[in-house]
Amino acid sequence: MVATIIQKYKSINYEEKVWSDEALAYYTRGLISILMESKTFNFMLGTYFKNFVYPSTLKNIQQAETIQKNVLEYILDEIKYTEFAKEHDLIPWEHRYKDFCTKVNISSYEEFKPWIEKAKTAPDVIRPGKIKQFSASAGTTSRKKHIPVTAQSLESMSKAWLDLFATYAVKHPDTQIFSGYYR
């Protein structure tokens with residue numbers, strides 16, 4: 001395996017850089033790329049998803065309604081001092097889903113866009129504090145959209161991807177998606 005790493009990274013002057021951080025980074029990258037291209041890595045990652053991630057995914061599916069209500073209450077409690085919450089009379093809120101539905105209508109991006117534009121320059125508009133990052137969507141349904149990005153939203157998306165991969169690994173046991181450069 002070490003010989004393969006050395007062949008892959010022939011351009012390194014190993015005599016000068018054997019113990020340097022740069023050489024260590026090349027060795028590590030080479031080792032990781034070889035592992036990731038192997039069927040063993042695919043098996044290990046697939047097994048991890050099937051045995052450790054998927055059971056909690058199933059549990060969450062069975063309790064989806066309760067989890068969603070709890071998440072809604074958490075979000076509403078978190079945004080209670082924002083301009084959006086004040087304008088939609090979400091304060092005080094009795095934590096009932098039907099009340100929320102009557103106060104906040106389903107809206108398109110274009111209808112919500114003024115809130116996002118205001119949140120780009122002012123704090124406490126749609127989330128507590130100032131939103132520092134906005135992601136541009138790919139624009140598959142229309143033109144590009146700016147989506148607010150927070151640490152919580154990134155964490156939530158990461159968990160969703162884990163659930164997705166775990167479900168895929170269980171439903172497709174012979175998958176090779178975790179090997180090579182599929183990721």
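This is a predicted model: local features need pLDDT of at least 70, side-chain atom pairs count only at pLDDT 80 or more; totals for chains, interfaces and linings use all residues.
**Overall fold**

The protein chain holds 9 helices and 2 strands, and their order along the sequence is α-α-α-α-α-α-α-α-β-β-α. Of its 183 residues, 25% count as buried, while the accessible surface comes to about 13,400 Å², with 60% of that area belonging to carbon and sulfur atoms. Among contacts with a separation of 6 or more, 51% are made by residues 24 or more positions apart.

**The largest core and helix H8**

In soluble globular proteins, nonpolar side chains tend to be buried together. The largest nonpolar core in this chain has 14 residues, and those that touch the most other members are Leu 76, Ile 79, Phe 84, Leu 90, Phe 100, Val 125 and Ile 126. Helices H5 (64–78), H6 and H8 each supply at least two residues of this core. When neighbours within four places in sequence are left aside, Leu 90 is in contact with Leu 76, Ile 79, Phe 84, Ala 85, Phe 100, Lys 103 and Val 104.

Helix H8, which spans residues 109–119, has Tyr 109, Trp 115, Ile 116 and Ala 119 as its buried residues. Viewed down the axis of H8, these buried residues fall within an arc of 115°, and they therefore line one face of the helix. On the other side of H8, Glu 111 and Pro 114 are exposed. The partners against which the buried residues of H8 pack are helix H6 (83–87), strand S1 (133–136) and strand S2 (146–149).

Apart from the largest core of 14 residues lies another core, of 6 residues, among them Phe 49, Val 53, Ala 166 and Ala 169. Phe 49 lies in helix H4 (residues 39–62) and, not counting residues up to four places away in sequence, touches Tyr 54, Leu 162, Phe 165, Ala 166, Ala 169 and Phe 178. Asn 42 also belongs to helix H4, whereas Thr 175 is placed in the segment after H9. With residues up to four places away again left out, Thr 175 touches Asn 42 and Tyr 168.

| Pair | Separation in sequence | C-alpha to C-alpha distance |
|---|---|---|
| Phe 49 and Val 170 | 121 residues | 8.0 Å |
| Asn 42 and Gln 176 | 134 residues | 6.3 Å |

The residues named here can also be placed by their accessibility, for which the cut-off for burial is under 20% relative accessible area. Phe 49 counts as buried because its relative accessibility is 5%, and Asn 42 counts as buried because its value is 7%. Thr 175, in the segment after H9, likewise counts as buried, because its relative accessibility is 12%.

Leu 154, Met 157, Trp 161 and Leu 164 make a nonpolar surface patch of about 420 Å². Leu 164 is found in helix H9, which covers residues 151–171, and with a relative accessibility of 47% this residue counts as partly exposed. An α-helix has 3.6 residues a turn, so residues three or four places apart point the same way.

Note on methods
Residues are numbered from 1 along each chain as its sequence is written. Side-chain values use heavy atoms; hydrogens and water are left out. Patches are made of residues with over 30% relative accessible area and no salt bridge: like charges are joined within 9 Å, nonpolar side chains (Val, Leu, Ile, Met, Phe, Trp, Tyr) within 5 Å. Accessible areas come from the Shrake-Rupley method with a 1.4 Å probe; for residues, only the protein chains shown count as cover. A salt bridge is a side-chain nitrogen of Lys or Arg within 4 Å of a carboxyl oxygen of Asp or Glu. Helices (H or I, at least four residues) and strands (E, at least two) are DSSP runs, numbered from the N terminus. Buried means under 20% relative accessible area, exposed over 50%, partly exposed in between (1.4 Å probe, protein chains only). The arc is that of the directions from the helix axis to the C-beta atoms. Contact means heavy atoms within 4.5 Å. A nonpolar core is a set of buried Ala, Val, Leu, Ile, Met, Phe, Trp, Tyr and Cys residues joined through side-chain atoms within 4.5 Å.
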